[in-house]
There are 2 protein chains.
Amino acid sequence: MINKLIANIKKTNAPIVVGLDPMLNYIPDQVKEKAFAEFGETLEGAAEAVWQFNKEIVDKTYDLIPAVKPQIAMYEQFGIPGLMAFKKTVDYCKEKGLVVIGDIKRGDIGSTSAAYAVGHIGKVQVGSKSYAPFDEDFVTVNPYLGSDGVNPFIDVCKEEKKGLFILVKTSNPSSGEFQDQLIDGRPLYELVGEKVAQWGADCMGDEYSYIGAVVGATYPEMGKVLRRIMPKSYILVPGYGAQGGQGKDLVHFFNEDGLGAIVNSSRGIIAAYKQEKYARFGAENFGEASRAAVEDMIADISQALNNR
Amino acid sequence: MINKLIANIKKTNAPIVVGLDPMLNYIPDQVKEKAFAEFGETLEGAAEAVWQFNKEIVDKTYDLIPAVKPQIAMYEQFGIPGLMAFKKTVDYCKEKGLVVIGDIKRGDIGSTSAAYAVGHIGKVQVGSKSYAPFDEDFVTVNPYLGSDGVNPFIDVCKEEKKGLFILVKTSNPSSGEFQDQLIDGRPLYELVGEKVAQWGADCMGDEYSYIGAVVGATYPEMGKVLRRIMPKSYILVPGYGAQGGQGKDLVHFFNEDGLGAIVNSSRGIIAAYKQEKYARFGAENFGEASRAAVEDMIADISQALNNR
C-alpha cells in the first residue's frame with residue numbers, strides 16, 4: 001500500500017491528504033436541512049449529512065489528491081449511524097482510487113491491538129468465513145504501550161499489504177508535556193522515532209517502509225531531526241493550515257527525492273467555503289471551494305519544495 | 001459516577017470488575033452454533049454470539065460485582081454489528097445496576113478528543129436535539145498527547161457526572177519501553193501519575209476523584225509508588241489472573257480505607273469454564289463457571305487485604 005500511496009503522490013504531484021473530519025458546523029445548511037428532512041434531527045440525520053458532505057468534497061477533489069484521512073472520532077460521536085457513514089466514506093474513497101488513512105489512533109495490549117488491527121486493516125474470522133470490517137489502507141497507532149501494542153498491527157500490515165502511521169510528535173499545543181521530556185538528554189519523541197525506524201526496517205515497500213510516523217507541521221525543527229532519524233519512514237504531517245503550519249515550514253519533513261512526507265489539511269479544505277478567501281463560491285458551492293483550497297495548498301507546498 | 005462506583009463496591013464488598021472482552025474462541029460452541037444458525041457465519045452472527053455470551057455472564061454475576069469493563073476492540077473487530085453488540089451490552093449492564101467502564105483508550109488533539117468524549121460519555125448535539133450515543137459511565141483515556149488531549153474528556157465528565165481512567169502504567173510486558181524511561185531520574189509513568197493527580201484534584205466526588213488511573217497488576221512495586229502519588233485517584237488494575245497478577249500482589253494498590261482500587265479480570269472470569277479448576281461446570285454452564293470464578297477472585301482479594 002505504501003507503493004500505491006507513493007504512485008498516487010507522483011501521479012498527482014501532490015504530497016497532501018485531505019482530512020475528512022466533518023464537524024456538523026462545517027456542513028452547509030442546505031446539506032443538513034436535506035438530511036434532517038429525510039431522517040429528522042437524529043443520529044441517522046447527522047450521519048446522512050456527514051456522508052453527503054464528504055461525497056461532494058471527494059467528488060470535487062479526488063482527481064487532484066492521492067489520499068484522504070477520515071478522523072473516526074468525528075463519526076464515532078454519532079454512534080452506530082456515524083460509524084456507518086465512516087465505513088461508507090472509506091468504501092467510496094477507495095472506489096475513487098484514493099488511499100484511505102483511517103485516523104483511529106488505537107493502541108492497546110497485544111491481544112487487544114490484534115483485534116483493532118483485524119477490524120480496521122485486516123480480516124476477522126467468523127467460523128469458516130472471513131471479513132474485512134472497516135478495511136482502511138493505513139491506520140494511525142498510539143505507541144504509549146510499546147512494542148507489544150504495535151506489533152499486532154505490523155503483523156496484519158505484512159499479511160494484508162497495508163500500512164501504519166505511528167504517533168511520534170503530535171501537532172497539538174500540549175504534545176510536549178510528555179513527548180518532549182528528556183531521557184538521557186534526548187526527548188521521548190526521538191526514542192519513539194528510533195523505534196518507528198526499527199519497526200519499519202523489515203517492512204519495506206519499493207522505496208519507503210510501510211511503517212510511517214505522525215509528526216505535526218507545528219513543530220518544524222523537530223520534524224527536521226525526525227526526518228534524519230527515520231529516513232525510510234513516510235511522515236504524515238497534520239497541522240497544516242487551520243492549526244498554523246505553512247508550506248515553508250514543511251520542507252524539512254521531505255527527503256531530497258521530494259518524497260517521504262504527506263501533509264494533511266482538514267478544516268482548511270473541507271470548510272474552505274467559510275474562509276473569506278473562498279467566500280466567492282458561497283455555501284452552495286462548498287465542493288468547489290474545497291477544490292480551490294486543495295489547488296492552493298498544492299501550490300504552496302510545491303513552491304516551498306522548489307525554493308529550498 | 002465515582003460515588004456510585006464506590007457505593008457498588010461497598011455494597012458487594014468486591015473491589016473487582018469483570019472484563020467483557022469476548023473473543024470468539026472463548027464462546028462455547030452451543031452459543032455460536034445458535035447465533036450462526038440464525039444469522040449465518042457473518043459479522044451479525046458473531047455479534048449475536050458475543051451478545052448472548054455477555055448476557056449470560058452478566059445474568060449469572062451481576063449481583064456479586066460492582067462494575068463491568070467491555071473492551072471495545074473486541075466488538076469493533078466485528079465492524080458495525082460488533083459495535084451494536086457493544087452498545088447493547090453497555091445498556092444491559094446499566095439496566096442491571098452495574099457501572100460500565102468503556103475500555104476505549106481514546107485520546108487525540110483537543111477537538112477530536114471532544115468528539116470522542118461526547119460520543120462515549122456525553123451528549124452530541126444534532127440540530128435542536130441531543131443524544132448520548134454510547135453512554136458509558138467511565139472511559140479509559142491514553143495520555144500521550146498531553147493535557148489538551150485529556151481536558152475535553154474531563155470537561156464532559158464534569159457536565160455529565162461521568163469519570164475517566166487514564167493510562168499511567170499498563171499491564172503488558174513491553175509497557176516499560178516508553179513508560180519506564182527516566183526523566184531526571186524518575187520514570188515517565190510517575191510524571192503521568194502526577195498529572196492524573198493534578199487533573200483529578202478539582203474533580204472530586206465524596207471520597208475520591210472521578211479522574212482515575214490505569215496501573216497494571218503485573219507491576220505491584222510501581223503500583224505502590226503510584227498509590228502514594230495519586231492518593232485520591234481510583235486505580236483500575238488490569239492484569240489479574242490470566243495476565244499473571246494475584247491477590248497478594250495487589251494490596252498496595254489499595255488505600256488503608258480498603259478503597260482506591262478496582263481489579264479487572266477478563267479471560268479468567270468470562271472463559272472460566274475452559275480452566276481445569278472450573279471444568280466441572282461444563283461448557284453448557286459457562287455462566288455458572290464465571291460466577292464461581294468471580295467468587296474465588298473476591299475471596300482471593302479479600303483475603304489478601306485482610307492479611308496485610
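What follows is a short exchange about the predicted model of chains A and B.

Visitor: What makes B:Asp108 and A:Lys105 a salt bridge?

Guide: The N to O distance between their side chains is 2.9 Å. The rule asks for a Lys or Arg nitrogen within 4 Å of a carboxyl oxygen of Asp or Glu, so the pair qualifies. Across the interface of chain A and chain B the rule finds 6 salt bridges.

Visitor: How many residues are in contact between the two chains?

Guide: On chain A there are 69, and they touch 69 residues of chain B. Together the chains bury about 5600 Å², with 63% of that on carbon and sulfur atoms. A:Glu41, A:Tyr144 and A:Phe178 supply 16% of the area that chain A buries against chain B, more than any other three residues.

Visitor: How do you know that the length of helix H5 of chain B agrees with its number of residues?

Guide: The helix has 17 residues, and at 1.5 Å a residue it should span 24 Å. The C-alpha atoms at its ends are 25 Å apart, so the two values agree.

Visitor: Why is H5(B) called mostly covered?

Guide: A residue counts as buried when its relative accessible area is under 20%, and 12 of the 17 residues in H5(B) are therefore buried. Among them are B:Ile80, B:Leu83, B:Phe86 and B:Val90.

Visitor: What covers the buried residues of H5(B)?

Guide: The cover includes helix H5 (79-95) of chain A. From chain B it includes helix H3 (43-61), strand S2 (67-68), helix H4 (73-76) and strand S3 (99-106).

Technical notes. Residues are numbered from 1 along each chain as its sequence is written. Chains are lettered from A and ligands numbered from 1 in the order in which they are written. This is a predicted model: local features need pLDDT of at least 70, side-chain atom pairs count only at pLDDT 80 or more; totals for chains, interfaces and linings use all residues. Side-chain values use heavy atoms; hydrogens and water are left out. Contact means heavy atoms within 4.5 Å. Buried area is the accessible area (1.4 Å probe) that two parts lose on being put together, summed over both. Helices (H or I, at least four residues) and strands (E, at least two) are DSSP runs, numbered from the N terminus. The expected span of a helix is 1.5 Å times one less than its number of residues. Buried means under 20% relative accessible area, exposed over 50%, partly exposed in between (1.4 Å probe, protein chains only).
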